[in-house]
Structure formats: C-alpha cells, structure tokens
Amino acid sequence: MDPKEIKKDFPIFQNHPDISYLDSAATSQTPQAVISAMDDYYSKFRSNIHRGLYDLSEKATNLYEEAREEVASFLGAEKDEVIFTPGSTWSANMLALSLEYSQILKKGGDIVTSVMEHHSSLIPVQKLAERNGRKLKYITIDDDMRLRLGEAGELINQKTALVWISLASNVLGTINDIGKIAELARGNGALLVVDATSAVGHMPINVKEIGCDLLFFSGHKMLGPTGVGVLYGKKELLEKMEPGVWGGGMISEVTKSGASSTKSPHRFEPGTPNISGVIGLAEAVRYLKNIGLEKIKEHTEKLVSLAIKELETIPDVRIFAEKDPKKNIGIISFVLDGVHPHDVGEILGRDGVAVRGGHHCAEPLMKELGIKATNRASFYLYNEEKDVKALIDGIKEAQKIFS
Amino acid sequence: MEEEIYKQNILDHYKNPCNKGKIKDFDLSGSARNISCGDVVSVFVKLNKGIVSQVSFEGYGCAISQAGASMLTDKIKGMKSEGLKLLSPGDMYNMLGIKVSPGRSGCALLAYQALEDGLKNV
C-alpha cells in the first residue's frame, strides 16, 4: 500500500498538497468515489425512499438498502442487524433511551464502563444510570494505558446489567481486549454495548467475533460523510427492543390513542434518513474493503511505531498512548512540558501539520492521567513518513519558541 | 509561518505573568472556562472608592489565555468600576496585538469572560 497513490483518490490532497493531516481521529478525509456517490444521489435520483412509486424513488430505495447489505457484510452481520443513524452520538443516545424504554436490562443492575470513554458515549449512559438509579462503575487503566482486566473481572459480576465500553480509545489509541470483556459480560448475563467509533475502518472488525450485543460507529471517521452512522444490534435483541425515538417511516399503525412500530431495523430509523450519507458510507466501505483493512492497519502501525520512536527522542515530551503498535488503532497523545497543547497545535498548524489540542471529549480520562489536555496525532491510510517528520519538526520548533 | 503569533511580549507575559495569584481581599471575582481544553481563568478585583485598587488572576492555560489575563489585569488596575463594564472583546484583541484565529478566540477572551462573569455578580 503506497500512501502517495492513495492520496490521489482524495481531492483534499490535490487542493492542499503540502498538508500533513494528522487529525483523522477527529474526522477523516473523503475519497472522490464517496463524493461522487453522494453527488449522484442529488443530481440523478434524489427522492425519498420506501414510499415513492416511481423510478427515482425505487433507485434511491435500492441503493439505500444495498448500503445496508454492504455495511452488514463489512461487519460480519446480517442485513437486518444494521440500523442507520446520524452518527455515534445519536446512536448512543437513541440506544440508551431504547434500552430503558424496552425494560430489557436486568432490574436494578449496575452499569460498567471505563475511564477512557468519549463524552458522546459516556454521557448517554451516565444519564441512563442517573434516571434509573443504577450504579455506574468505571474500569480504570494501568501505566501502559490499558484497561485493568483484573478490575473488570471484579466490576462485571452477577449484579451487572450492562457493559458499555469502547473498542479503541480516541485519545490513547489503545485497542481494548473486548473478547475478554465480552466473556465477562456473557458469563454474568449482562448486555454488551461497544463504541467502535475510533476502530471501524481502521482495523478488521467482525461483530460475531467480538461477541457484542450492540455496537455503534460514525461514518465520518472511516472516509464516509459526516452526519451518518451505524448502530448494529443482534437480530433477536432488536426484535425485543422498542425504539427510543419516534417518527414517520417506522410505524405500522397510528391512532389518536397510540402507535405501534414496524419491524426492525426500520423501526429504529424514524424520519427521512440521511440518504446520500448512507449511500456515501457504503461507498466508503467498498473503498476500504478494496484496499483491505489488514493493509491499512499494518500501514498505521508503521507510522505509530516511527512516531513513538521519534517522540521519545525529544526531551520534555510525555507520551500518552498504547506503545505496542499492534494494539494501537493509530492514535498517539502527547504533552510537551512547558508548552500548552493549544500553543503546540497552533505552531504545528501554521506549519501545515493538522493535529488536535484539548481534552478530546474525554475529561474523565484526562483527570485519570492527571493532565488537563494533550496534543493528539492520528494516522490513517493516506499518511506518510514525511508527516511524522513534519510533526516532530513542528514540536521542536514549538519548544524553541517557548524556550 | 504566517504572521508571528508568539511575539516576545506574549511570551514574556506567559512566562512571567503579572498579577498572578489570588488576593485575599476582593470585592468581585469571576471565572470562565474554555470548553475545548478545560482551561480556566479566575479574576479577582478589589475596589476602593469605585476604583480598582488591586487585581489578580489565577488559572491554567495556553500562552494566549495566560498572556491575555496578565495584560487585562494590568490594564484595569486604577480603572473606575463603571469603566470595567465598557470593556469589549476588541480591547482584548488590541492588547494582545496579534491576529487571533477563530479557533483561538476562546483563549484570547478567557480572562475577559472571567471579568464579565464577576461583573454579573455585582
């Protein structure tokens, strides 16, 4: 896999040939194929799905439902197990409401999560715990930035109703040993929800192998458009679940006194969905499949390995990341002592290196690490070794300015 | 690099801030938080006959927010309390004297927002 060749597929790099884009963990770039697929919807067959009795609507409906098949096969799931949502934040919120509304969680049982969760995933479950009067327990991390599995073994027990945890950390890059967590959840009759937002499109993922009950992610972190995402749920579970959000297109009958919903997965997709977004997402999946997730993962491993090696040579840089590239999703956080992450980010930005500075929507994790904020560099298929070099040069420059 | 943002005076104020620390006796205080990084600045003002006699700030943040706090507290020392209410974001930008990108406006205005918060409570 040659990133120079890959770059040709992405118009952003033609418009900004010198940029070192190391912020894919915030949002990735979009290949032309995805942009074209979405354009086609708007210019060739825009119409609403599932309702029209004319050609345009049939075409849109077909592509929308084909997208479901595409995503399902990408995840090792069945077609009816894929729900399209506006993204991870919406997936998490809708799911939390749905679990509550369906009353399928063990009565009075605890919820177990981790200190490394993204706010968008954590807050919906925190609110759920608050509303239901359930205890919310946190698995902490060790000095290697890995979940303490021994602790997980104690926290997840017969009293656990729900385990809600990320597959990979958006700050540390750590890929969690979800298989072990799934075993614990299953052994104790708890539901397992996985936030795979940082992981999907960056490593091979199979929901059956993970052994989760539900899983969600966003399209925009895996070359797809913004405003679209996926919630996967096991078929037999979705059939038992009520939607948490209601609207048109998901109803079997409505009277003045009530409404009943249609079948899954459509009953979890209220309102007119992001049709072009779903079509674009499916195109992103095809693009990723074509290159191969294993190759992409191997590529980011090389960059992570190089970046860690280089960062370790700079005095006053502290790395907060999974240092084994195989267990890292392509994300490294670091702090340059004496220079605030915003200042480092600004100096890098002016040199054409796009990184993030802040708490990365993971304040409980920052607190756990005893820091306020970090800089974060994240790597994807289009990054090159020269991007790592630009990063290192920029950090050294920041150090010089502030010395 | 485009226009220099880390000018010497910004770096000087950052490394050796004026009026840093909490004064014991103050008449008004306020805080502001930058939601993207969690940085916080608190401002403390002591008034004597309607005039700012002592002022200080506490906080943690980037060079822009900390230099801004240092400059703002310097500026308002000796000002009439009514004058404080007439300060605007433009005054902060003028003092900093650099082109602040939209992404950094929260940093540049942090101390100003802390003072504004304090004035609300008066």
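Helices and strands are taken here as DSSP runs, numbered from the N terminus. By this naming, α11(A) is followed directly by A:Gly292, whose phi is positive, about 105°. The model described in this section is predicted.

Chain A contains 15 helices and 15 strands. Its C-alpha trace extends over about 70 × 55 × 35 Å along the principal axes. The radius of gyration of chain A is 22 Å, which agrees with the value near 22 Å that a compact globule of 403 residues would have. Of these 403 residues, 52% are buried.

The domain assignment divides chain A into domain 1 (3–30 + 293–401) and domain 2 (34–289). Between the C-alpha centres of the two domains of chain A there is a distance of 27 Å. Their contact involves 29 residues from domain 1 of chain A and 30 residues from domain 2 of chain A. On the domain 1 side, the elements of chain A that contribute two or more residues are α12 (293–311), β12 (331–336), α14 (363–369) and β15 (374–378). Of these, α12(A) gives the most, with six residues. The composition of this side of domain 1 by class is 14 nonpolar, nine polar and six charged residues.

Helix α11 of chain A covers residues 275–291. From the first C-alpha to the last, its 17 residues reach 25 Å, close to the 24 Å expected at 1.5 Å a residue. Most of α11(A) is covered, since 13 of its 17 residues have 20 or more other C-beta atoms within 10 Å of their own and are therefore buried. The helix α11(A) also gives nine residues to the largest nonpolar core, as described below. The share from α11(A) is the largest in this core.

The largest nonpolar core comprises 124 residues, of which A:Val71, A:Val163, A:Val194, A:Tyr232 and A:Ile279 touch the most other members. Its largest contribution, nine residues, is that of α11(A). Because domain 1 (3–30 + 293–401) and domain 2 (34–289) of chain A both supply residues to this core, it lies between them. When neighbours within four places in sequence are left aside, A:Val71 is in contact with A:Val82, A:Val230, A:Leu281, A:Ala282 and A:Val285. Another core, of 33 residues, lies apart from the largest one and includes B:Ile5, B:Met71, B:Leu72 and B:Met92.

A:Ala33 belongs to helix α3 (residues 32–44) of chain A. With 17 other C-beta atoms within 10 Å, A:Ala33 is partly exposed. Beyond its neighbours within four places in sequence, A:Ala33 is in contact with A:Glu283 and A:Tyr287. Although A:Ala33 and A:Tyr287 are 254 residues apart along the chain, their C-alpha atoms are separated by 7.8 Å.

Some backbone features of chain A may be set against a general rule. Most residues other than glycine have a negative phi, and most peptide bonds are trans. The peptide bond from A:Ser264 to A:Pro265, however, is cis, with omega near 0°. A:Pro265 lies in the loop between β10 (258–261) and α11 of chain A. A:Gln103, which is not a glycine, has a positive phi near 50°. The loop that holds A:Gln103 runs between α5 (88–102) and β3 (110–114) of chain A. With 11 other C-beta atoms within 10 Å, A:Gln103 is exposed. A:Asp316 likewise has a positive phi, about 75°, without being a glycine. A:Asp316 is placed in the loop between α12 and β11 (317–320) of chain A, and A:Asp316 is partly exposed, with 13 other C-beta atoms within 10 Å.

Chain B has six helices and three strands. From the N terminus on, these elements follow the order α-β-β-β-α-α-α-α-α. The radius of gyration of chain B, 14 Å, is close to the 14 Å given by the globule rule for 122 residues, so chain B is as compact as a globular protein of that length. Taken along the principal axes, the C-alpha atoms of chain B fill a box of roughly 50 × 25 × 25 Å. Buried residues account for 43% of the 122 residues of chain B. Among contacts in chain B between residues at least 6 apart in sequence, 65% join residues at least 24 apart.

The two chains also touch each other, in a contact that takes 15 residues from chain B and 15 residues from chain A. On the side of chain B that touches chain A, nine residues are nonpolar, three are polar and three are charged.

Key
Residues numbered from 1 in each chain as written. Chains lettered and ligands numbered in written order. Predicted model: local features only at pLDDT ≥ 70, side-chain atom pairs only at ≥ 80, totals over all residues. Domains from an automatic or database assignment. Contact = placed C-beta atoms within 7 Å. Helix = DSSP H or I, 4+ residues; strand = E, 2+ residues; numbered from the N terminus. Nonpolar A, V, L, I, M, F, W, Y, C, P; charged D, E, K, R; others polar. Expected span 1.5 Å × (residues − 1). Buried ≥ 20, exposed ≤ 12 C-beta atoms within 10 Å, placed from the backbone. Rg over C-alpha atoms; globule rule 2.2 N^0.38 Å. Core = buried A, V, L, I, M, F, W, Y, C linked by C-beta atoms within 7 Å.
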